[in-house]
Amino acid sequence: MTGSGTFEPVRFNGWPELKEAFLSQHLQASFILAPMAMALREQGVPIKIVYLGHRDGTTMMVHKDSDIHRIEDLRGKKVAVPNRFSNQRLIIFRAFKERGLNIDDVTLLEMPPPDMPAALHVRAVDAIISGEPFMAQSEMDGYGRVLFLTKDVWPEFISCVLAVHEDVIRDHRAEVQQLVDGIARSGKWLDTTMDHRMQAAKFTGQNYYNQDPKLLEFVLSKPPDRVKYTNLAVRRKDFEEIELVGRESGTLQGTAHFEDYADPSFVTDESAIQPYLWEDTP
Amino acid sequence: MIEPPAQNLPTERTGPAAVLVRDVWMDFPVKQGSQAVPVLERINVEIQRGEFVCVVGPSGCGKTTLLNIIAGFLNASRGEVQVEGEPVHGPDPRRIVIFQEGSVFPWLTVSANVGFALSRKTAAERNQIVQHYIDMVGLTGFESAYLRQLSGGMRQRVEIARALAANPEVLYMDEPFGALDYFTRFKMRADLVRIWQQEKKTILFVTHDIDEAIQLADRVVVLSSRPSTIRLILSVSLPRPRDLNSRDYLDTRDRILHALGMSLQNGIPPDAGD
Amino acid sequence: MTSAAQPTEVIGQEPPFVSARAIILPSIVAVMFLLFWDGAVRLSGSQLFPKPLDVLWGLVELAQKGLLIKYVVASLFRVTWGFTLAVIVGIPFGLLMGSNKLVQEAFNPLIQGFRPISPIAWIPVSILWFGVSDAAPVFLIFLASVFPITVSTAAAVKSVQSVYLRAADNFGLTKFQLFSRVIFPASLPQIVTGLRIGLGIAWLVVVAAEMIAVNSGLGYLIIDARNAGKRYDLVVAGMVLIGVIGWLLDLLMRQVERFQTVKWAYGTLHD
Amino acid sequence: MSLQRRVLLAAIGWLGTVTLLHLWLNTSAFEKRTVSTGQTGKQFRVGFLPVT
């Protein structure tokens with residue numbers, strides 16, 4: 001996503017602030033939680049999901065020596081989730097429904113992802129679930145244990161999507177296309193070899209995320225399919241699954257449908273995407 | 001020499017009186033609906049230019065109220081005040097009041113205070129006037145001191161210097177020495193008379209201290225307790241500087257006390273303080 | 001011809017007096033605190049909570065990366081502008097409210113209504129208005145300090161002793177002169193106290209203000225350290241920086257209170 | 001009056017200094033824009049959170 005200076009990445013520390021900046025068009029586009037984008041569209045905010053951020057990349061962690069070994073053991077426990085409008089929360093609804101469990105048996109606490117590892121460490125909560133690298137953090141530091149990866153419960157799990165304001169799509173389609181291509185091609189590059197991933201870990205860690213590259217390397221490698229950056233085109237089936245769980249959990253009203261909140265026109269043929277030929281500049 | 005209250009004795013007629021108080025009545029409405037409280041009744045005083053007049057009376061008799069009316073800060077319920085023939089409608093730089101609680105500005109140095117009213121003059125003129133009055137009141141050397149660094153007596157000197165620097169025609173002084181110690185008061189009275197003689201101002205001086213009045217005034221206006229009327233206007237014909245042990249001095253004091261229904265021949269009367 | 005008053009009556013200048021004890025005593029307490037902190041962390045065996053030395057190394061790391069100066073300047077920039085705007089708006093408006101009964105009655109309810117709203121509650125609104133620029137934190141800091149400044153200025157004007165006003169009136173000052181030469185100087189001491197409180201609150205709010213999407217500042221340092229995983233040493237380093245700078249700002253403001261044009265109102269009990 | 005003027009000047013001086021320092025250190029105001037943003041002029045801003 002280096003772009004040619006046309007794009008300015010703006011890092012946020014919390015979903016509410018990001019949403020507000022995006023809502024008020026201080027951001028032309030933004031990576032955002034899928035259900036949050038859909039809910040905003042339901043509330044009449046003219047935005048379209050044009051691409052996905054990544055697939056999977058989310059894990060449920062429990063304390064190393066906790067008695068939780070199966071999803072059923074979550075009953076009566078406290079689970080930290082990143083935001084009401086997040087698939088990390090909806091996945092729990094889906095997992096409980098598939099196992100015939102009652103969602104009211106588990107307590108879901110909204111908590112900023114950065115605070116989750118510490119909360120698990122001091123056992124303020126029994127389980128945490130959010131995007132990486134915060135989950136890997138607890139695993140790397142030895143007090144966290146993976147309960148499940150998203151691909152075990154919700155294959156092709158979507159967490160973040162790229163959403164763009166409709167007037168930006170109308171007036172600056174070329175830029176949006178350039179943005180989506182850039183993301184798609186760097187995603188392809190990322191998923192071609194592990195070496196690329198290691199380079200990305202170092203580069204992103206220092207310049208954009210300000211996070212320890214070793215942590216990002218852990219996320220991108222253990223296991224290799226912990227997060228995937230390809231196959232990110234917007235597909236109706238994936239989103240209708242989210243609509244279903246969103247409605248059942250009362251998070252979404254179901255008043256916005258795929259045509260309202262999605263615009264798949266930017267990636268017509270995924271196989272045609274060429275990875276960037278890009279080396280990490282020292 | 002006693003004067004009947006209603007009548008006054010102009011020494012020689014040199015144009016309209018410096019300050020003329022004609023038939024002034026004053027009452028304060030305490031609360032809506034309730035009867036207004038009478039404070040001053042039938043006050044008639046005429047002060048000649050250059051004269052030193054003291055108004056004396058028990059505390060709370062309305063002396064300060066009268067002064068504020070004369071100075072234009074208060075409007076009388078009835079009657080009128082004229083200065084040089086013109087009716088008074090409000091305060092005026094030609095008639096400076098030295099308030100009882102002291103109004104020297106604590107955020108200014110002595111010289112800045114004294115020069116406060118001289119903003120329209122050039123810097124040179126201002127400094128010359130300021131220095132003149134600072135020396136006159138005996139504050140030489142304290143030009144850049146601040147109020148909190150001065151004693152009570154010195155603060156009063158700044159007050160007087162500032163008033164004089166504005167070159168008023170009349171000085172109204174409301175018990176200015178009330179907060180000073182016994183000895184400083186004597187000093188301040190001597191200095192005030194000296195300055196009065198030099199500057200030839202008209203002075204109206206309000207006090208509850210009968211001795212102070214006699215030591216300072218050409219004429220003393222004696223007010224009764226509230227609602228106060230003029231009991232006596234007494235010309236003090238003692239030569240200056242006044243001998244405070246003289247027979248005449250003591251006689252004058254007795255006349256004033258007598259006018260207030262008190263006499264000290266056989267000790268201090270029990271109701272002296274009412 | 002003139003009789004000068006004796007100089008002894010003058011009360012001498014009060015020199016600022018900092019005894020050695022005033023330095024040694026607090027440093028002993030500080031050292032004890034650090035030891036207590038260090039011991040507590042070691043005892044609790046917590047890997048997360050940093051020890052004083054870790055915090056020191058965190059500060060050194062920040063300095064080496066040049067982030068220390070960047071973040072301090074960013075926070076000072078925002079507090080300076082937010083506070084300056086609050087002064088520019090707060091003092092005149094406070095003077096007006098204090099001196100004009102109509103304005104007071106008209107605006108006081110509005111101000112008393114806004115005052116209790118914590119600046120943090122304003123974060124969403126400020127993002128909608130100012131987005132991700134420096135303007136958002138400056139706006140929050142402005143809000144945090146403009147109310148205490150306005151209110152203390154208005155109170156100051158109202159408490160100006162009427163004898164000064166009568167004296168000024170007596171000297172025939174115009175309305176403007178009355179304001180600039182009597183009302184303002186007389187209220188200045190209380191205004192300065194209001195400024196000191198305003199600045200304190202401004203510095204309190206800088207952390208919350210910088211949690212919006214800005215990429216610099218001590219508040220950002222803390223929130224960013226949380227994102228970077230286990231960097232609680234930087235979190236505490238940020239807290240230390242905020243504490244020290246906030247204290248220095250207050251010391252600076254206290255120097256203003258020792259100026260002659262203001263000191264007169266504080267009496268001798270002022271330290 | 002000179003004291004208040006001195007305080008005022010010091011305040012204005014500080015305002016200018018801290019503003020310049022901030023612009024220099026924390027924003028790209030002084031850096032020559034390597035790539036002109038060309039037609040859009042306004043930056044195309046893309047928000048993100050440091051997650052996955």
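**Exercise 1. State how many salt bridges are counted between chain C and chain B, and which side chains meet.**

Solution. A salt bridge requires a side-chain nitrogen of Lys or Arg within 4 Å of a carboxyl oxygen of Asp or Glu. The count between chain C and chain B is one. Arg166(C) and Glu101(B) form this contact through their side chains, at 2.9 Å from N to O.

The model is predicted: local features need pLDDT of at least 70, side-chain atom pairs count only at pLDDT 80 or more, and totals for chains, interfaces and linings use all residues. Residues are numbered from 1 along each chain as its sequence is written, chains are lettered from A in the order in which they are written, and side-chain values use heavy atoms, without hydrogens and water.

**Exercise 2. Determine how many residues are in contact between chain C and chain B, and what area is buried.**

Solution. With contact taken as heavy atoms within 4.5 Å, 30 residues of chain C touch 32 residues of chain B. Buried area is the accessible area (1.4 Å probe) that two parts lose on being put together, summed over both. For chain C and chain B this area is about 3000 Å², and carbon and sulfur atoms give 61% of it.

**Exercise 3. Classify Val18(C) as buried or exposed, and locate it.**

Solution. Buried means under 20% relative accessible area, exposed over 50%, and partly exposed in between (1.4 Å probe, protein chains only). Val18(C) is exposed because its relative accessible area is 62%. Val18(C) lies in the segment before α1 (21-44) of chain C, where helices are DSSP runs (H or I, at least four residues) numbered from the N terminus.

Terms used. Helices (H or I, at least four residues) and strands (E, at least two) are DSSP runs, numbered from the N terminus.
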